Amino acid sequence: MKIIVPMAGRGSRLRPHTLTVPKPLIPVAGKSIVHRLVEDIAKILKEPIEEVAFILGDEAFFGDDVVKSLEDLAKGLGAKASIYRQDQPLGTGHAIMCAKDSLSGPAVIAYADTLIRADFELDPEADAVIWVKQVDQPEAFGVVKLNQNNEIIELVEKPKEFVSDLAVIGIYYFKEVGVLRNELQSVLDNNIQNGGEYQINDGIKAMMANGKVFKTGSVDEWMDCGNKDVTVETNTRMLGFLHNDGEHLVDYDVKLENSTIIPPCYIGENVVLKNTTIGPNVSVGKGCHVTDSTIKNSLIQTYSQIKNANLDNAMIGNHVSYDGKFTSVSIGDYSVLE
């Protein structure tokens with residue numbers, strides 16, 4: 001089994017955090033989005049992963065440190081890491097085809113801007129599976145249309161009239177991903193574009209037209225990381241899941257001085273808390289120092305200095321120096337507020 005992960009976009013909705021860090025590497029509950037996604041998919045598949053192919057953007061933004069972290073991620077799964085580049089933002093189908101050399105055999109394709117919780121078996125009769133989640137407002141999503149056999153027969157983007165309430169979440173399984181590769185090659189060769197981009201949906205629609213059977217796979221939880229507010233909410237939800245799973249979330253070398261941690265919280269290594277109350281629902285990355293503060297429902301990345309803070313629904317980047325009494329904030333890397 002292979003996992004194909006397009007992650008070339010910079011993530012403009014999560015600025016300023018994604019000005020210096022690729023969105024898939026933003027940490028949620030102490031681990032980057034892409035690490036959590038790939039590891040969770042590997043658990044769901046319950047079979048060996050032979051290769052993880054990552055499609056990155058330009059080397060100036062997705063540099064050697066990013067490549068190294070992704071290679072380590074694949075290695076941790078016992079898999080080979082393949083690194084590809086998408087130099088131009090030409091759509092989901094184009095991104096997948098940048099990994100053309102890895103598109104053979106059974107594979108999962110997953111876009112690295114979402115997190116899931118799921119436990120199910122892949123349907124052995126299906127040529128492909130599209131993961132979906134039941135939603136309250138299907139008109140805001142791309143949804144699937146099913147026939148009487150619960151097979152997917154159509155993909156509909158933001159339907160004005162009700163089609164179904166099963167939203168496509170951006171994770172796909174193909175029994176033979178080479179079939180998708182061939183259809184996407186035809187999309188590129190014939191310059192079939194939507195909104196000036198080459199889309200995976202056009203390859204999928206061609207597969208359906210040729211009689212390939214698509215089934216749905218349902219997830220229990222679908223968590224977005226699109227902007228600051230939903231990323232903080234996703235951090236809260238993930239902390240709750242991990243806490244209930246019994247994971248140890250507070251590093252053993254955290255230094256506490258007249259401070260309290262209210263679970264669930266993730267506290268990384270070499271964190272110092274002084275005269276501070278942290279939690280619930282807070283992630284604090286390694287190397288942070290927090291003094292004279294009260295913080296809840298927030299996400300703080302690494303090596304930041306926080307003091308005199310009263311934070312709720314806050315997201316703070318790396319290497320931030322923060323001193324103040326602001327409440328709901330979004331601060332990028334290397335910022336200073338005094």
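Which residues does V34 touch, not counting residues up to four places away in sequence?

1. V34 touches V5, M7, P24, L25, F54, L70, L73 and A112, where a contact means heavy atoms within 4.5 Å. Bear in mind that this is a predicted model: local features need pLDDT of at least 70, side-chain atom pairs count only at pLDDT 80 or more, and totals for chains, interfaces and linings use all residues. Residues are numbered from 1 along each chain as its sequence is written, and side-chain values use heavy atoms, with hydrogens and water left out.

2. V34 is also among the residues with the most contacts inside the largest nonpolar core, which has 50 residues. Such a core is a set of buried Ala, Val, Leu, Ile, Met, Phe, Trp, Tyr and Cys residues joined through side-chain atoms within 4.5 Å; buried means under 20% relative accessible area, exposed over 50%, and partly exposed in between (1.4 Å probe, protein chains only).

3. On to the charged pairs: there are seven salt bridges, each a side-chain nitrogen of Lys or Arg within 4 Å of a carboxyl oxygen of Asp or Glu. One of them joins D72 to K68, with the closest N and O atoms 2.8 Å apart. D72 is partly exposed at 39% relative accessibility, and K68 is partly exposed at 45%.

4. Another salt bridge pairs D245 with R117 (2.6 Å, N to O). These two sit 128 residues apart, linking distant parts of the chain.

5. K215 and D123 form a salt bridge too, at 2.9 Å, N to O. Here K215 is buried at 14% relative accessible area, whereas D123 is partly exposed at 25%.

Conventions. Helices (H or I, at least four residues) and strands (E, at least two) are DSSP runs, numbered from the N terminus.
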